[in-house]
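Please work through the following exercises with the sequence and the 3D structure at hand. Each task is followed by a solution in steps.

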Amino acid sequence: MSQLRIRHVLPIVLALSVPACVTGFSRTDRLFATVETAKYGVVAGAKTVATLAKAGLISTNERETYRNYAHSAISTAEALENLILEVVRSGSVSELSRDQRITYYAELLGRQIKMLDDLVVAWSKRTKPVGTHTAIEGELK
Amino acid sequence: MSTAEIIALLLQVIREISPEILAASEAWRKANVTVADIEKAIAETKSLHGEIDNILGDSAMGDRGGYVDPGLKMLLQQVLRVGRVGSEEEIRAAFISTLSALEGMQSFVELRESLMAYLGTWPVSPMPPKPPLSDVLALMEAALQRISLS
């Protein structure tokens with residue numbers, strides 16, 4: 001299910017590093033699009049997890065693991081959106097502490113999305129149903 | 001599962017997530033984002049917590065909908081006070097007790113993760129950078145507000 005690898009559509013480093021004169025999109029535009037993509041990726045991942053759970057390929061514990069990290073990633077996305085709002089309202093991106101906070105949350109969101117993506121990709125490769133409380137030992141061997 | 005069942009499952013997943021794929025590609029075409037765009041996105045983000053729970057079904061942990069032990073509110077109020085005026089040692093001790101109280105809860109994941117990052121008890125590598133104390137306290141205030149509203 002390689003088409004579901006949401007990290008491939010979440011190029012945070014690229015989004016923050018390409019100059020606006022190259023693309024016509026400002027750093028803020030790209031950061032905003034990155035966060036939106038992350039949000040939709042988390043929802044898409046949840047739908048995938050729900051479908052796999054209904055098919056018996058994901059245990060209750062695993063579904064809860066996804067829920068846990070999904071809520072966390074959504075909260076990080078919200079923190080980033082609030083910072084982007086500050087930037088757009090003030091018209092400046094040069095304020096140091098804000099910039100550091102954006103970098104901190106962007107990196108955190110990237111890690112969270114990668115973790116969710118890795119889980120969904122591993123679970124999507126399953127072809128046999130798991131027991132209710134089966135962990136992911138199969139993928140770890 | 002047979003190959004046909006796996007392909008059917010794949011197609012079902014792709015059909016279900018196509019609105020998200022379209023929405024994400026739309027976001028990448030938006031130049032000069034405005035305050036209104038971001039405010040709309042923030043409102044949408046707030047609703048995503050409920051949407052995630054709706055998609056995944058009821059939480060097996062039993063604290064969906066913001067239900068928490070009433071004692072947690074008092075604990076958070078005390079810890080917030082320590083966080084504002086206490087020494088570093090006192091703040092760490094208070095944060096450790098908060099982390100214990102939040103153990104196993106689905107609610108307040110962001111606060112729990114922030115506390116783990118602050119205390120250096122992140123469970124998996126790589127360890128995230130230590131967040132500023134003000135950010136942890138802001139999350140704690142937000143958690144208190146959620147408890148008050150629930």
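The exercises below treat the contact between two chains, the fold of one chain, and selected residues.

The model is predicted, so local features need pLDDT of at least 70 and side-chain atom pairs count only at pLDDT 80 or more, while totals for chains, interfaces and linings use all residues. Residues are numbered from 1 along each chain as its sequence is written, chains are lettered from A and ligands numbered from 1 in the order in which they are written, and side-chain values use heavy atoms, with hydrogens and water left out.

**Exercise 1. The contact between the chains**

Describe the contact between chain A and chain B by its residues and its buried area.

Solution.
- Step 1. Contact means heavy atoms within 4.5 Å. Chain A contributes 57 residues and chain B contributes 52 residues.
- Step 2. Buried area is the accessible area (1.4 Å probe) that two parts lose on being put together, summed over both. For chain A and chain B this is about 5000 Å², with 67% of it on carbon and sulfur atoms.
- Step 3. On the side of chain A, the residues that lose the most area to chain B are A:Tyr40, A:Arg67 and A:His71, together 13% of what that side buries.

**Exercise 2. The fold of chain B**

State which secondary structure elements chain B contains and what percentage of its residues is buried.

Solution.
- Step 1. Helices (H or I, at least four residues) and strands (E, at least two) are DSSP runs, numbered from the N terminus. Chain B has 6 helices and 0 strands.
- Step 2. A residue is buried under 20% relative accessible area, exposed over 50%, and partly exposed in between (1.4 Å probe, protein chains only). By this rule, 37% of the 150 residues of chain B are buried.
- Step 3. Of the contacts in chain B between residues at least 6 apart in sequence, 57% join residues at least 24 apart.

**Exercise 3. A network of salt bridges**

Trace the salt bridges of A:Lys39 to A:Glu81 and to B:Glu44.

Solution.
- Step 1. A salt bridge is a side-chain nitrogen of Lys or Arg within 4 Å of a carboxyl oxygen of Asp or Glu. Side chains of opposite charge can pair when their charged atoms come close.
- Step 2. In the bridge between A:Glu81 and A:Lys39, the closest N and O atoms are 2.9 Å apart. This pair links distant parts of the chain, with A:Glu81 in helix H4 and A:Lys39 in helix H3 of chain A, 42 residues apart.
- Step 3. A:Glu81 is buried, because its relative accessible area is 0%. A:Lys39 is also buried, at 1% relative accessibility.
- Step 4. A:Lys39 also bridges to B:Glu44, with the closest N and O atoms 3.2 Å apart. The latter pair crosses between chains, from helix H3 of chain A to helix H2 (residues 35–56) of chain B. B:Glu44 counts as partly exposed because its relative accessibility is 30%.
- Step 5. A:Glu36, A:Lys39, A:Glu81 and B:Glu44 are linked in a network of salt bridges.

**Exercise 4. The surroundings of A:Val120**

Is A:Val120 buried or exposed, and which residues does A:Val120 contact beyond its neighbours within four places in sequence?

Solution.
- Step 1. A:Val120 lies in helix H5 of chain A. A:Val120 is buried, because its relative accessible area is 7%.
- Step 2. Leaving aside neighbours within four places in sequence, A:Val120 is in contact with A:Gly45, A:Thr48, A:Val49 and A:Tyr66.
- Step 3. A:Val120 and A:Gly45 are 75 residues apart in sequence, and their C-alpha atoms are 6.6 Å apart in space.
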